[in-house]
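Hello,

Here is the structure I promised to hand over.

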Amino acid sequence: MDQPHARFRFVDLFAGLGGFHVALSDLGGKGVFAAEWEPTLNKLYDHNFGITPWSDVNELGSDEIISQKVPDHDVLTAGFPCQPFSKAGVQLGFEHTLQGRLFFKVFDVLSVKRPRRLILENVPNILRHDGGRTAATIVAKLEELGYEVQVHRLSPHQFGIPQVRERAYFVGSLDGLDTFTWPTEFEGTTSIASVLHSDAAPSRDIHKQTLRAIDMWGDFLRRSPADVKLPWFPIWSMEFRATYPYETTTPPNSWARSRPRELDGFTGSFGFPLERLSSEGQRELIPSHSRRDGDMEFPAWKQSFIRQNREFFLTNRKWIEPWLYEWQPWEFPSSFQKFEWNAQGGVRDIDEYVLQVRASGIRAKRPTTAPSLIAMTNTQVPILGARISPTGNRRYMTPGECAELQSLGGIDLPESDIHAYKALGNAVNASVVKAIAEPLLIDLEMSTQIAKRPQAA
């Protein structure tokens, strides 16, 4: 039964935790259809919003759409899968057989139901994917249906929410966009303290090896002289003392069994000698970022990072050498051997920062914002340094605190912390959507009885 005062009706495709639903409900909308294939989130959506989502959008054909399984609606929203377009993946785009072409299922619903407004969300890399042709295809397909379309990149931190998480938003209207303007950005400062819960119990302990790696890099900061500017580039400690070639000649060219001696006289990670080792033994002592099969030059950016790390070590050898001897970073996994200092000019106390363990290293960020939530693994959940944590101890941000970063603090989350973190990493930010939708819907004339619209030929 419809809400008597609903201003408009909307559908929520690839619904996830329901960020679009939260935003449009706050603006007076009534959700009439949702689709979500992940069983746990499908049930949770029903629990939170009273709508049982359709499970697999691929099984939503034209017959189902026409037969009113997808009701008439005024606004279509969709955060269609981002993995085919993300820089973190292989970027197959529309050629991704499982997910890349799901945009065209959105197109099918639009072509039949003709809602007057649409909002789509995806990773910002979709705008650059395939030289811009992917985004151009999306816009062109929407324009075929009569929608005027605009595209913009926005992040929660631009709306007073302490998270840097840029996303691409496509908005469309059958009535034109002459009166639409993108929301004004927040001009104040943000602080992660605004989403932290003083009484939050840690959902799980930080692994001892992770804590030791944080201590190691904390000691690196303490040892660094105040007059030494810390690198803006990723610190790759395995390049300290290394001399293996990386420019005109690269290690892969020397791993052929007939030429194992080409690396004699050079050193690998942390200065371990490559003299008289087998090809396999040499390979093990070359940093993982420099291992390549076949003849291949390193890209310019990688050569630059290697060169800068070696130069930084040679310039600062006096205080780095004792650090190496004490901590022996080669005993840690590769990701812990790397460090990203995103706080130039800040106090050199690692517990003053928000930390994140990534494949690219341990990253330290100022507590004005949290790192972007990602769905890959729960080991990448932001860690609060002891001096910014309400408890005074290092701990992971809880699922509830991460929900605040996505403006979803008012809904129930998956019971499993792992599932909750993953879902939040995939979620759309409700506050950003609301800020976009409000001016988009301002001139949309609604009634509780929506007139039947002609279907597309």
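**What I found**

Start with helix α8, residues 300–315. This helix has 16 residues. From its first C-alpha to its last it reaches 22 Å, close to the 22 Å expected at 1.5 Å a residue. Please keep in mind that the model is predicted.

Which residues of α8 are buried? They are K302, Q303, F305, I306, Q308, N309, R310, F312 and F313. Those buried residues pack against α6 (208–223), β7 (235–236) and α9 (317–327).

From α8, the contact uses F312, F313, L314 and T315. From α9, it uses R317, W319, I320, E321 and L324. By type, the residues of this α8 and α9 contact divide into 6 nonpolar, 1 polar and 2 charged.

Next, look at helix α4 (residues 103–113) and helix α5 (residues 133–144). They pack at an angle of about 15 degrees, and their axes are 10 Å apart. Angles under 35 degrees count as roughly parallel, so α4 and α5 are roughly parallel to each other. The crossing of α4 past α5 is right-handed. On the α4 side, F103, F104, F107 and L110 make the contact.

How many of the 8 residues of helix α1 are buried? The count is 6, so α1 (residues 19–26) is largely enclosed by the rest of the structure. The buried residues of α1 are G19, F20, H21, V22, A23 and L24. Several elements pack against them. The strands are β1 (8–13), β2 (29–34), β3 (75–78) and β4 (117–122). The helices are α2 (39–49) and α12 (430–441). Just after α1 comes G28, which takes a positive phi of about 95 degrees.

Then there is helix α11, residues 417–426. Here A420, Y421, A423, L424 and G425 are buried. The cover over these buried residues of α11 includes α2, β12 (395–396) and α10 (399–405).

L174 sits in the loop between β6 (167–173) and α6. Is L174 buried or partly exposed? It is partly exposed, with a relative accessible area of 26%. L174 and G146 are 28 residues apart in sequence. In space they are 5.9 Å apart, C-alpha to C-alpha. Leaving out residues up to four places away in sequence, L174 touches R114, P115, R116, R117, L145, G146 and Y147.

**The whole chain**

Last, the overall picture. The protein has 12 helices and 12 strands. Of its 457 residues, 54% count as buried. Take the contacts between residues at least 6 apart in sequence: 67% of them join residues at least 24 apart.

Best wishes

Terms used
Residues are numbered from 1 along each chain as its sequence is written. This is a predicted model: local features need pLDDT of at least 70, side-chain atom pairs count only at pLDDT 80 or more; totals for chains, interfaces and linings use all residues. Side-chain values use heavy atoms; hydrogens and water are left out. Axes are lines fitted to C-alpha atoms, for helices over the stretch in contact, and angles run from 0 to 180 degrees between N-to-C directions. Helices (H or I, at least four residues) and strands (E, at least two) are DSSP runs, numbered from the N terminus. Angles under 35 degrees count as roughly parallel, over 145 as roughly antiparallel, 65 to 115 as roughly perpendicular and the rest as oblique. A crossing is left-handed if the near helix is turned anticlockwise from the far one by less than a right angle, and right-handed if clockwise. Contact means heavy atoms within 4.5 Å. The expected span of a helix is 1.5 Å times one less than its number of residues. Buried means under 20% relative accessible area, exposed over 50%, partly exposed in between (1.4 Å probe, protein chains only). Ala, Val, Leu, Ile, Met, Phe, Trp, Tyr, Cys and Pro count as nonpolar, Asp, Glu, Lys and Arg as charged, and the others, Gly among them, as polar.
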